[in-house]
Amino acid sequence: MNVLHIYKTCILQSQGGVETFINTLCKFDSLLGVENKILTLSNNPENNPVKLEGYKVYQSKQIFFIASTGFSITAFLKFIKLSKEADIIHYHFPNPFADLLHLFCRPQKKTILTYHSDIIRQKLFLPFYNPIRKIFLRSIDKIVATSPNYFVTSDVLQNHSQKVCVIPIGIDHSKFKKMNYERYKYWENCLKKPFFLFLGELRYYKGLDIALNAIKNTDINLVIAGANGNEKKLKLLAKKQKINNVNFLGFVSEEDKVALLNLCYGFVFPSHLRSEAFGISLLEAATIGKPLISSEIGTGTTYINIDNETGIVVKPGSVIDLRNAMKYLLNNPEVAKKMGNAAKERSLKFFSGEKQAIAYFNLYQELINKGI
């Protein structure tokens, strides 16, 4: 079975949630016999495909970037060639350039789309993009929502509910079973305990300014590991507000990530907008067995984190609620431990890379069999 994935970037360029999802899916689906290829854009594309674990990455030259979307001329020719070799074309939404590839090239293959998020930020462009999006989504054979929460709260998904199914995102749990104790000891000596941890790219919807204000004038320690996005603004905010109980670590390696997750007291995930459709780093913290704090934004974050069971769910954007949640966990260590254990159990039960791969493999097979 040959599957062609289409997305704006890949794990070579970004450690974001969608890129991580595609990487995990391809890795596990390759074990089931799927030959995966990804067509993506790059400012400096490789001439030959890049071989990664379970898939190959084909890159086209990005000529400009607007409204969080890259565009390319050469991608059209590559898409036509690669789509002819594919049994299934798997799009990852949102990525308006993929809509154009599909509608202009009209590949005669079965199609699936993983709906990662509504379009939240680029509202000024929606009136122009909406007609294209409607035609594109109508032409897709099957749409996958990443959580039942997002499915029921997305107007776009509800409009296509007859062809939507839900497959929760899974992760590679084996990555978190081994820890580099040298890195653990290093961070243990560097950071003041106990601390809450945030991991991920510092994007506008992550709510980290809310987290900084929540720890202001308290003895709650916060560690922020990640880069890009609003990093400079957040550091400036902390400096201006004299918030000294925060550590910005910047980008960290996989070994450091596992060490920090094991070392932290709890995991804080203050994303306050629906752009945060799932929250893979929240799931990673659950896998380690940490109590979780997240916001109720009607997305997969509340599918991972069940209020008063695996952690605490707070009102989005509420500094007071976030502060009180962290204080409560610190003041109730036995409750925090119990929540962390429940989070780990839920992660292992519902969110494995193996289960995700099998679900997608079965969906691919279903679509191919319908075409016979």
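Author: The discussion goes from the whole chain to a single residue.

Author: This is a predicted model, in which local features need pLDDT of at least 70, side-chain atom pairs count only at pLDDT 80 or more, and totals for chains, interfaces and linings use all residues. Residues are numbered from 1 along each chain as its sequence is written, and side-chain values use heavy atoms, with hydrogens and water left out.

Reader: How many helices and strands does the protein chain have?

Author: Helices (H or I, at least four residues) and strands (E, at least two) are DSSP runs, numbered from the N terminus. The protein chain has 15 helices and 16 strands.

Reader: What does the radius of gyration of the protein chain agree with?

Author: The radius is taken over C-alpha atoms, and the globule rule is 2.2 Å times the number of residues to the power 0.38. For 372 residues a compact globule would have a value near 21 Å, and the protein chain agrees, with 21 Å. Along the principal axes, its C-alpha atoms fill a box of roughly 60 × 40 × 40 Å.

Reader: What percentage of the residues count as buried?

Author: Buried means under 20% relative accessible area, exposed over 50%, and partly exposed in between (1.4 Å probe, protein chains only). Of the 372 residues, 56% count as buried.

Reader: Where is Asn 95 found, and which residues does Asn 95 touch?

Author: Asn 95 lies in the loop between β7 (88-93) and α3 (96-105). Its relative accessible area is 4%, so Asn 95 is buried. Contact means heavy atoms within 4.5 Å; not counting residues up to four places away in sequence, Asn 95 touches Ile 6, Tyr 7, Lys 8 and Thr 69.
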